[in-house]
Amino acid sequence: FPIAVLASGTGSNLQAILDSVHGREGIEVVAVGSNVADAPALERARRAGVPTAAFPLADHPDRAARDAALADWIERQGAGLVVLAGYMQLLTPGFLARFPQAVVNVHPALLPAFPGLRAVEQALEHGVRVFGVTVHFVDEGVDTGPIILQRAVELPHARDAGEVFEHIHAIEHELLPEAIRLIARGAVSVDPANPRRVLLEP
Ligand code: GRF
């Protein structure tokens with residue numbers, strides 16, 4: 001089950017994928033792409049022997065052209081699932097049309113609360129007591145696609161984003177690999193009666 005991972009930053013979620021699912025249960029990371037040429041995530045991939053490529057927007061006429069080149073490369077690498085692990089760019093409709101129901105994202109909040117950037121900061125400012133992580137399919141909206149997995153963590157005394165992020169990252173590093181394993185096993189489908197709803201086989 002060949003997968004591609006896209007990441008813009010540190011790549012701790014990529015590392016969790018490389019450490020816990022890559023090379024197991026038939027799952028193989030065959031490509032790691034970024035919009036940032038010197039993203040630390042790319043170095044993590046190289047260390048694991050995984051092919052990498054960078055597609056900075058500045059190298060292409062526009063987002064549609066950049067995403068077309070990115071999709072071409074992912075297809076050439078043979079990936080059937082695209083995992084966004086801190087990929088800080090919106091994918092164009094043209095890209096998504098080439099990987100239908102096959103792009104997943106990890107978001108550091110319990111969607112549909114706090115979509116978009118600075119989700120943990122938004123949640124803190126709102127004064128919530130329960131934080132969490134969502135893994136979802138990507139559609140054309142911002143963090144709006146069908147939800148695959150969620151996990152909550154009660155932090156009634158959290159004071160700053162750093163403190164919350166320690167818990168959030170630990171959850172992400174389990175939940176994103178778990179979602180990949182479920183998809184690879186064919187245990188994830190969309191409810192024909194309600195395309196917003198994901199069905200999970202036990
Ligand atoms: C994660 O918190 C993820 O939820 C968000 O971006 C962050 C990426 O972190 N989309 P890392 O680069 O995987 O460490």
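1. The shell around the ligand holds 4 nonpolar, 7 polar and 1 charged residues. Here Ala, Val, Leu, Ile, Met, Phe, Trp, Tyr, Cys and Pro count as nonpolar, Asp, Glu, Lys and Arg as charged, and the others, Gly among them, as polar. The model is a predicted one: local features need pLDDT of at least 70, side-chain atom pairs count only at pLDDT 80 or more, and totals for chains, interfaces and linings use all residues. Residues are numbered from 1 along each chain as its sequence is written.

2. Among the residues surrounding the ligand are Thr-10, Ser-12, Asn-13, His-107 and Glu-172. Helices (H or I, at least four residues) and strands (E, at least two) are DSSP runs, numbered from the N terminus.

3. The ligand lies between domain 1 (1-100) and domain 2 (105-202), because both give residues to its shell. These bounds come from an automatic or database domain assignment.

4. In domain 1, 19 residues are in contact with 14 residues of domain 2; contact means C-beta atoms, placed from the backbone, within 7 Å. On the side of domain 1 that touches domain 2, H1 gives the largest share, 5 residues. That side divides into 14 nonpolar, 4 polar and 1 charged residues.

Methods. A residue is near a molecule or strand if its C-beta atom, placed from the backbone, lies within 6 Å of it. Two residues are in contact if their C-beta atoms, placed from the backbone, lie within 7 Å.
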